[in-house]
Amino acid sequence: MAEGAAEVSAQSDGGGDPGAVEPERGVAPIKPQYLTTKEQFHEFLEAKGQEKPSQESEAVDPAGNDLTEPEAKRIRLEDGQTEDGQAEEAAETGEQLQAQKRARGQNKCRPHVKPTHYDKNKLCPSLVQVCVTVTKSPRCLECEPVCPPSSIFLTLWCIVIVPIFQESAARCFYGDRCRFLHDVGHYLETKPADLGPSCVLFETFGRCPYGVTCRFAGAHLGPEGQNLVREGLVQAPPVRNGLDKALQQQLRKRKIHFKRAEQALRQLSRGPLPGPTSEATVPEGREAEGAPGQDNCDIQLAPQEPDTVGPPSGPLRTCGPLTDEDVVRLRPHEKRRLDISGKLYLAPLTTCGNLPFRRICKRFGADVTCGEMAVCTNLLQGQTSEWALLKRHPCEDIFGVQLEGAFPDTMTKCAELLNRTIEVDFVDINVGCPIDLVFKKGGGCALMNRLAKFQQIVRGMNQVLDVPLTVKLRTGVQERVNLAHRLLPDLRAWGAALVTLHGRSREQRYTKLADWQYIEQCVAAAHPMPLFGNGDVLSYEDANRALQTGVAGVMIARGALLKPWLFTEIKEQRHWDISSSERLDILRDFTHYGLEHWGSDTQGVEKTRRFLLEWLSFLCRYVPVGLLERLPQRINERPPYYLGRDYLETLMASQKAADWIRISEMLLGPVPPNFVFLPKHKANAYK
């Protein structure tokens, strides 16, 4: 394959195209022998590709429609031309031109993320977990001829474990009203073919909890559909910070009382507190001292008078044994300090910063990880999808969560809720989100212009949290109006333990370069509070220049998406010319982590595929070190069309979604029918 790539590149060089060799501004400098044109690039991939080459070409059908468009878009374009043959005559010239344009923008007609065929012929959940048996032991092999065909014997006493499919159907909560299948035989007949010969969960942990619904079930199903379990079962490492069903019901019914948050909000409503050390004064502690266990009890106590310092009269009902934690509240100077200076901090990345991706980055040397941005109102409502953003893998030794909100009451209550229920090392406030959906509601960057609310949020959350509170913000809202240097002294006084500054304003989004000179000025304004810098770090040279500004550490965001091995490069101070096979192994590990996290059934496989494709939309912008004329690659330089050193390296450089899907099929098998993928960051969904 490498020879074929060299032949095509030699042909392109022999054509004498001077424009392909001349360097352009904003384009990555690639060696001339690898450069090619767009047509030759896609012709090479289609000639070497073995899966559906005709569907991935950029040909145009006889009707003049672009075949690269998703089916939903083509239908929308064809609607005005197929009805009784009268649409073209009735349409005006402007409407015809608009119909001929490529449909761009939000693409509201694209299929839903969860296709409807997922629910067709779906097995009832009550049948998934019950059909479990054990593997045969040496003693069992001796008496196997006399064993019933649907049973398995064990050593010493032969214990028969019979599949209980028929019995479990009666245990379905919905009974006859259940819309799922209860006939396992019919389900196995209609189930699609397995995607591979081995199941990651079965190979890793000795048991697949998805049973017959697993898309790799052939590796662990017995002759009668039993779900086999290996001897010497390995317990899966527990993923912390999950949502308990009882807690979810209490949140949905609004039965949880946030007494510490309400007390902090009452204090803030009386006026700003004089300083961070006064948030947990002695009178405040005495006011709460009379209600031991109040953080976990639903019993309301009569309000005390402000001047009362002793315990209230009358018997008290408690929720359990009296502990110091119920009585003594940590003061700000007694909180556990967040000492991460000099460490590599993986930024909270929406959509792509999921748990499997963070495991990849941890393997390559990331020191600090943070969950994706979680909306506080959704957490308070008990939304499962939002609580999933808080999950923490055991390998994440320093882990935090990031909250987004616009009002002190919801943010303070959410902070108290997380302080009770999850295990984190810090909580971060998102003051840097630039998208309109968040900004117009007063959250994200909008908090930089709402100082009164911003102060109440920081002070209130800091008062109810037992872990450090951090803030991530941008330079400002407008491009030439910097606000961060004014906010940093206030944040230090309000109780923030650490601030991360992204060197761009909201208006810039990700255009232009990050302003590291301004970040250097903000380091002095934040002293002695540690300040992390963020923006345009894609190599160890970029990280070294960033540390020279005096920041306490570097946060890496898009650089980790383009090359997650960047953490290794920074720690080892070298450029890693990683091969395409090594990059494919990284993607394979991601799919394994994804199947462990989201499941190996149909929905879990497709969710893993979706997040893999989202990541591939960033990975295609990486240019291998061996192809560059000048090192290092800069984050604002787009790669031109080039042919890699082998076919896989060329395929990974493609910016077509069809080629990303082809890569996903190498790892997760064929895609479902009518599969359409549109990356979020290219859909103008934030405009």
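The structure is a predicted model, in which local features need pLDDT of at least 70, side-chain atom pairs count only at pLDDT 80 or more, and totals for chains, interfaces and linings use all residues. Residues are numbered from 1 along each chain as its sequence is written, and side-chain values use heavy atoms, with hydrogens and water left out.

The chain holds 29 helices and eight strands. Both are DSSP runs numbered from the N terminus (helices are H or I, at least four residues; strands are E, at least two). Of the 687 residues, 49% are buried. Buried means under 20% relative accessible area, exposed means over 50%, and partly exposed lies in between (1.4 Å probe, protein chains only). The accessible surface comes to about 33,900 Å². Carbon and sulfur atoms account for 51% of that surface. These areas come from the Shrake-Rupley method with a 1.4 Å probe; for residues, only the protein chains shown count as cover.

Lys31 gives an example of contact across the sequence. Lys31 lies in the loop between helix H1 (2-14) and helix H2 (38-48). Its relative accessible area is 28%, so Lys31 is partly exposed. Beyond residues up to four places away in sequence, Lys31 touches Gly626, Leu627, Leu628 and Glu629. Lys31 and Gly626 are 595 residues apart in sequence, yet their C-alpha atoms are 8.9 Å apart in space.

Two helix pairs were examined. Helix H12 (residues 259-270) packs against helix H20 (residues 451-464) at an angle of about 140 degrees, with the axes 9 Å apart. Axes are lines fitted to C-alpha atoms, for helices over the stretch in contact, and angles run from 0 to 180 degrees between N-to-C directions. H12 and H20 are therefore oblique to each other. Angles under 35 degrees count as roughly parallel, over 145 as roughly antiparallel, 65 to 115 as roughly perpendicular, and the rest as oblique. On the H12 side, Arg260, Ala261, Ala264, Gln267 and Leu268 take part. They meet Gln456, Arg459, Gly460, Gln463 and Val464 in H20. By class, this contact has four nonpolar, four polar and two charged residues. Ala, Val, Leu, Ile, Met, Phe, Trp, Tyr, Cys and Pro count as nonpolar, Asp, Glu, Lys and Arg as charged, and the others, Gly among them, as polar.

Helix H15 (residues 355-363) and helix H26 (residues 580-598) form the other pair; their axes come within 8 Å and cross at roughly 135 degrees. That angle makes H15 oblique to H26. The H15 residues in contact with H26 include Leu355, Phe357 and Ile360. Among their partners in H26 are Phe590, Tyr593 and Trp598. The contact of H15 with H26 has eight nonpolar, two polar and four charged residues.

One joins His527 and Pro528, with omega about 5 degrees. Pro528 sits in the loop between helix H22 (516-526) and strand E7 (531-534). Another runs from Leu631 to Pro632, with omega near 0 degrees. Pro632 belongs to the loop between helix H27 (602-619) and helix H28 (647-652).

Thr351, a residue other than glycine, has phi near 75 degrees. Thr351 lies between strand E1 (344-346) and H15, in a loop. Thr351 counts as buried, at 9% relative accessibility. Gln573 is not a glycine either, and its phi is about 55 degrees. The loop between helix H25 (566-572) and H26 holds Gln573. At 38% relative accessibility, Gln573 counts as partly exposed.

Definitions and conventions: Contact means heavy atoms within 4.5 Å.
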